[in-house]
Amino acid sequence: MKRKCLIVACLMAVATMAAKDDNGSIRERCFLSLCRFMQYAKSIYVDAGVNSLGDSVGYFKAWNPGESNEDGVRTNADMAMVMAFVYTQLKKVDIESSSVLPENMAVASLRDMSKRALRYAYSTHRSNRLMTCTDGRYWGSSPLDDSFCEKRHQWESSLWAMSVAMAGGLLKDELASEMKYICNLLVSEADFQLTRVVPTGYEGDTKAEENGWEANVLACACAMIPSHPNHSRWYEAMNRYGFNCYTVAADANDTTLVEGRMAKEWYEGQNLYDDFTLQNHAYFHTSYQNVVMQEQAESIVAYRLLRSHSSLSQSVPETLTWHWDEVWEEVLAPLALPDGELAMPNGNDWSMFLFDQLPAFAAMSTLRQNADALMLEKRCLDQLLARQATTNDGAYMLNADIGPRRMGVTAHRVMMTCLLHDLFPASVTASTWEDFVERHLMAKEFPSQHVVRGMSKERFTCFSWSKGLDNCTGIIVPNSVENAKIMIPYKKGFGGNLIGEPKKMVERPFIITKDNEWIAFAGGHEPFCVWSTPGNAVIVSGCPVYMALSFDPISGGHRDVRYGDGWVNVDDFIGIVGGKDVSLGALQTVSSINTAVLSSTEKAAAVVYYTDVSRALTEQLASKLRVKSENGVVHVEAEDTDGSVYRLEFDADKRHVKKETIKNK
């Protein structure tokens, strides 16, 4: 009881509302998660001697420990910031460290590690040059100036500089005499942005994310150094970079007033497609779609938190939330899943189940007071903490794709979620998942990305054709939190879930939507057809059974796979009928998740996938499947779990489909 009281006292000291509402709950859970994470952070910290001023320094090790690249600098900066945050919150109430921190860790140790790591970060920046990084280089960007007579640009350095600035702001009472070095760093990074033209581009490689992090460092400089001669130019640049994140072509003629100017006056170029979708790494990437909003929210948080003078405005610049509502309603919300994950139509080249969209949900729930976002944020946080619980040292995941850097990025986002609810509390009541599903039942196509999604009360479905990846992928996710991770997105070779691995890229498929159903089909070298029916069944023609299953601790660590004559059932929940000679492949780690692929060796004229079906029901549904092929035309008749019957006729040569639904009476 004493420990619980101390925890609550600590958190209420930093809260703006005393009530045990959603804000308080989210803040508390995020903060306690960061406290647990301190065990992992401490395990990768090392002392690194002294800088040229004789001050002790250290850094948090990445795969490139202490080096001047993203891995070295970003990891250290994020860890220093997060540890400084935990330290300053605990310091406010002088709490006993044993009540919230891992065993044998004192609050004072957090102070010392974060201070020394921060010193290492500013000492190795090219604006200060108090020591070099472990690779003998400095890091950061700088304009042409009298001191060094050079102009340098290091990609992403603005993002790292923001974490340094935030750490400095949190530790300013501890490092008052050293704040000038952090200001030097900010001036260098911010002044460099004044020498640039705001970049734009949307096909394959959006500049939205990059503009988001450039705005970050400008927001920090504006807040911390308001008396600087370039302050007004920094503020102008912050608004211009911030506006040119979620930009579409129509903004070129938009006369809406934004921060006192017409939108078209801020506009530099297009970073999103006209349907508000985004491409990075050559494909539609939902992690990048939401991370832009996170970065803009971080600029807002930094500007509010680091304000060094009361004369600075407390209002949220409209440039930093431009098109948030459209991106949410048109892209993010339609792709939301029951566990707070966002569907990844082409898979993901990051770790799976990062739940890194948490601060994007937080941004919408606080800064836009969106009830759906608050509901999804709570579910997302549940899963992020469940994944952290699978580790013994407070790390946020097993088998992280980029090691300590991924841990630092995740902790960074948990901290920002905490701060968003502290600085801009959500006052809405979270919606329910059931109401959310009801409002998103209509199938939706994203024409620019060749993506379609559908929803029924049983499951979410998605299909994507990506020219950038030479990839065709179909996804099914049950509409229940406990079963949402059985079947997982899988990106390998030329194919993915449902479609298998064709020998070469299929032709661009036709996509048809009607009410809450969709159908995608293609002819050519590898013809196929996928029908997401209005009910439970998903009918696939011309492909083998092909489904990646999660064996990761977050989803239970095992799967119960049973086979019958023409059917397979997984966990007494997923039913697959129509395939022959189906087997489960070897366990492997793909995108940080322990995975095995359930597949058949041959294509099937028809395979039908169901969710929330027992083994007995799967066998029954298999007995009612009727498939006939004649003259190159496939005829399928399949029954659904509610007794409805679906009839599909697929003519690959003529690239034609005909379908019929006979409702259960």
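This is a predicted model: local features need pLDDT of at least 70, side-chain atom pairs count only at pLDDT 80 or more; totals for chains, interfaces and linings use all residues.
A residue counts as buried when its relative accessible area is under 20%.

A pair of aromatic rings is described by the distance of the centres and the angle of the planes. The model holds 22 aromatic pairs. For tyrosine 288 and tryptophan 350, the ring centres are 4.9 Å apart and the planes stand at 65 degrees, so this pair is edge-to-face. Tyrosine 288 belongs to helix H10, which spans residues 286–305, while tryptophan 350 sits in the loop between helix H11 (324–332) and helix H12 (358–367); the pair therefore ties together parts that are 62 residues apart in sequence.

Phe37, Tyr40 and Tyr396 come together as one aromatic cluster. At tryptophan 266, arginine 261 lies over the face of the ring, 4.4 Å from the ring centre.

Two packed helices are described by the angle between their axes and the distance between the axes. The axes of H10 and H12 come within 8 Å and cross at roughly 55 degrees. This angle makes H10 oblique to H12, and the crossing of the two helices is left-handed.

Attention now turns to asparagine 23, a residue of helix H2 (residues 22–43). Its relative accessibility is 1%, so asparagine 23 counts as buried. The side chain of asparagine 23 takes part in a polar contact of 2.7 Å with the side chain of histidine 421. The side chain of asparagine 23 also reaches the backbone oxygen of alanine 426, at 2.5 Å.

Asparagine 104 is not a glycine, yet its phi is positive, at about 65 degrees. Asparagine 104 is found in the loop between helix H3 (70–93) and helix H4 (107–123), and its relative accessible area of 70% makes it exposed. Serine 592, likewise not a glycine, has a positive phi of about 75 degrees. Serine 592 lies in the loop between strand E22 (588–590) and strand E23 (593–600). With 4% relative accessibility, serine 592 counts as buried, whereas asparagine 104 is exposed.

Notes. Residues are numbered from 1 along each chain as its sequence is written. Side-chain values use heavy atoms; hydrogens and water are left out. Rings of Phe, Tyr and Trp (its six-membered ring) pair if their centres lie within 6.5 Å; planes under 30 degrees apart count as stacked, over 60 as edge-to-face and the rest as tilted. Helices (H or I, at least four residues) and strands (E, at least two) are DSSP runs, numbered from the N terminus. A charge sits over a ring if NZ of Lys or CZ of Arg is within 6 Å of the ring centre and within 35 degrees of the ring normal. Buried means under 20% relative accessible area, exposed over 50%, partly exposed in between (1.4 Å probe, protein chains only). A polar contact is a pair of N or O atoms within 3.5 Å; within protein, one must be able to donate a hydrogen and the other to accept it, and residues adjacent in sequence count only if both atoms are side-chain atoms. Axes are lines fitted to C-alpha atoms, for helices over the stretch in contact, and angles run from 0 to 180 degrees between N-to-C directions. Angles under 35 degrees count as roughly parallel, over 145 as roughly antiparallel, 65 to 115 as roughly perpendicular and the rest as oblique. A crossing is left-handed if the near helix is turned anticlockwise from the far one by less than a right angle, and right-handed if clockwise.
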